[in-house]
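Please go through the questions below with the model open beside them.

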Amino acid sequence: ILTEYFFYLIQQLTLCHFSESDRKAKGGSREHIKIGFAGMACKHCKDKIDCRKFFWSNVDRISNSFSEIPAHIMRCKHAPYEVKNNLIELKK
């Protein structure tokens, strides 16, 4: 089941591909990810140096780390207030 909240949340992401510069990003270990591996990036900061990107190697990792996406959107200085407010309202 896909709730309105998760549907809206997914719309805040865009497709990205792993690059060498992503290896040094904060967070988990990324030394085994191949260049070009598909992931998701925050669409609000995708063109910024400190863009938040998400790369998962399997379904279990997605479900275990899915809370990181809304946490990022709520902290993202490039995400509009309206988006953050909509996430709060949809989560109720």
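Relative accessible area sorts residues into buried (under 20%), exposed (over 50%) and partly exposed (in between), with a 1.4 Å probe and protein chains only. This is a predicted model, in which local features need pLDDT of at least 70 and side-chain atom pairs count only at pLDDT 80 or more, while totals for chains, interfaces and linings use all residues. Residues are numbered from 1 along each chain as its sequence is written, and side-chain values use heavy atoms, leaving out hydrogens and water.

Q: Is Lys 92 buried or exposed?
A: Lys 92 forms a salt bridge (a side-chain nitrogen of Lys or Arg within 4 Å of a carboxyl oxygen of Asp or Glu) with Glu 89, their closest N and O atoms being 3.1 Å apart. Glu 89, at 42% relative accessibility, counts as partly exposed. The relative accessible area of Lys 92 is 72%, so this residue is exposed.

Q: Which residue forms a salt bridge with Arg 52?
A: Arg 52 counts as partly exposed at 23% relative accessibility. The closest N and O atoms of the pair are 2.8 Å apart, and the partner is Glu 68.
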